[in-house]
Amino acid sequence: MAALASGITPSFAHAQHGGPGLVTPPVRLEDVWLVDQNGAKRRLSAWLHGGVTALQTVYTGCGTVCPLQGALFSAVQERIPRIKAPRRVQLLSIGIDPLSDSPAALRAWLARFEAGPAWNAATPALADVDPMRVTLSGSKTPLGNLADHSTQVYCFDTGATLRWRSADLPRVDDVCDVLGALARA
């Protein structure tokens, strides 16, 4: 965890979310049901427990920043084998537009970025999207519409608690460093 506190994140913050860096105290998300890219229902806690997870929020119809986020996770995915850790390291893209982010759309999203077995996508129910976004962001202010969504990456430890928020569109090295530190903790 010392690596997390060493300032490996850029220092700016978007108006719609809390500042980047360590999340103190760590936060646990509401354990909501998600539907994954294969149409299977699974609790969020089942995704997060037992491994370390980098999570991003996207919507598959986005043509601006979400493709950049997909490219970021694609680059992180390529480096996962180099993270020497005793724990599983995984990526999870959360679709925040349940009306459009169907299992087929999520599969196409993952295929677009050549996602491997360590990278999944899932969507919560519509009623769970805003509470999840608020908890992830650490924001005390309203989040606005989907087009203004955060481009942060959120890293969870093996106990399914949020431990780190990145700056917007973080560096691949920063995400990998945090995942490695969490996996060795």
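Colleague: Is Trp-119 buried or exposed?
Modeller: This is a predicted model. Trp-119 has a relative accessible area of 2%. Buried means under 20%. Therefore Trp-119 counts as buried.

Colleague: Why does Phe-73 count as buried?
Modeller: The cut-off for buried is under 20% relative accessible area. Phe-73 falls under that cut-off because its relative accessibility is 0%.

Colleague: How many aromatic pairs are there?
Modeller: Ring centres must lie within 6.5 Å to pair. By this rule, the count is three.

Colleague: What kind of aromatic pair do Phe-73 and Trp-119 form?
Modeller: Their centres are 5.8 Å apart, and their planes make an angle of 70°. Planes over 60 degrees apart count as edge-to-face. So the pair formed by Phe-73 and Trp-119 is edge-to-face.

Colleague: How many residues apart are Phe-73 and Trp-119?
Modeller: Phe-73 is in helix α3, residues 66–79. Trp-119 is in strand β6, residues 119–124. The pair links distant parts of the chain, and the separation is 46 residues.

Colleague: What is the angle between the planes of Trp-109 and Phe-113?
Modeller: Trp-109 and Phe-113 are both buried. Their rings form an edge-to-face pair, 4.7 Å centre to centre. The angle between the planes is 65°.

Colleague: Which residues form one aromatic cluster?
Modeller: Two edge-to-face pairs have come up: Phe-73 with Trp-119, and Trp-109 with Phe-113. These residues belong to one cluster. Its members are Phe-73, Trp-109, Phe-113 and Trp-119.

Colleague: Which residue lies over the face of Trp-47?
Modeller: Over the face of Trp-33 lies Lys-41, at 5.2 Å from the ring centre. For Trp-47, the distance to the ring centre is 4.1 Å, and the residue is Arg-42.

Conventions. Residues numbered from 1 in each chain as written. Predicted model: local features only at pLDDT ≥ 70, side-chain atom pairs only at ≥ 80, totals over all residues. Heavy atoms only, no water. Phe/Tyr/Trp six-rings, centres within 6.5 Å; stacked < 30°, edge-to-face > 60°. Helix = DSSP H or I, 4+ residues; strand = E, 2+ residues; numbered from the N terminus. Buried < 20%, exposed > 50% of the residue type's maximum accessible area, 1.4 Å probe, protein only. Lys NZ or Arg CZ within 6 Å of the ring centre and 35° of its normal.
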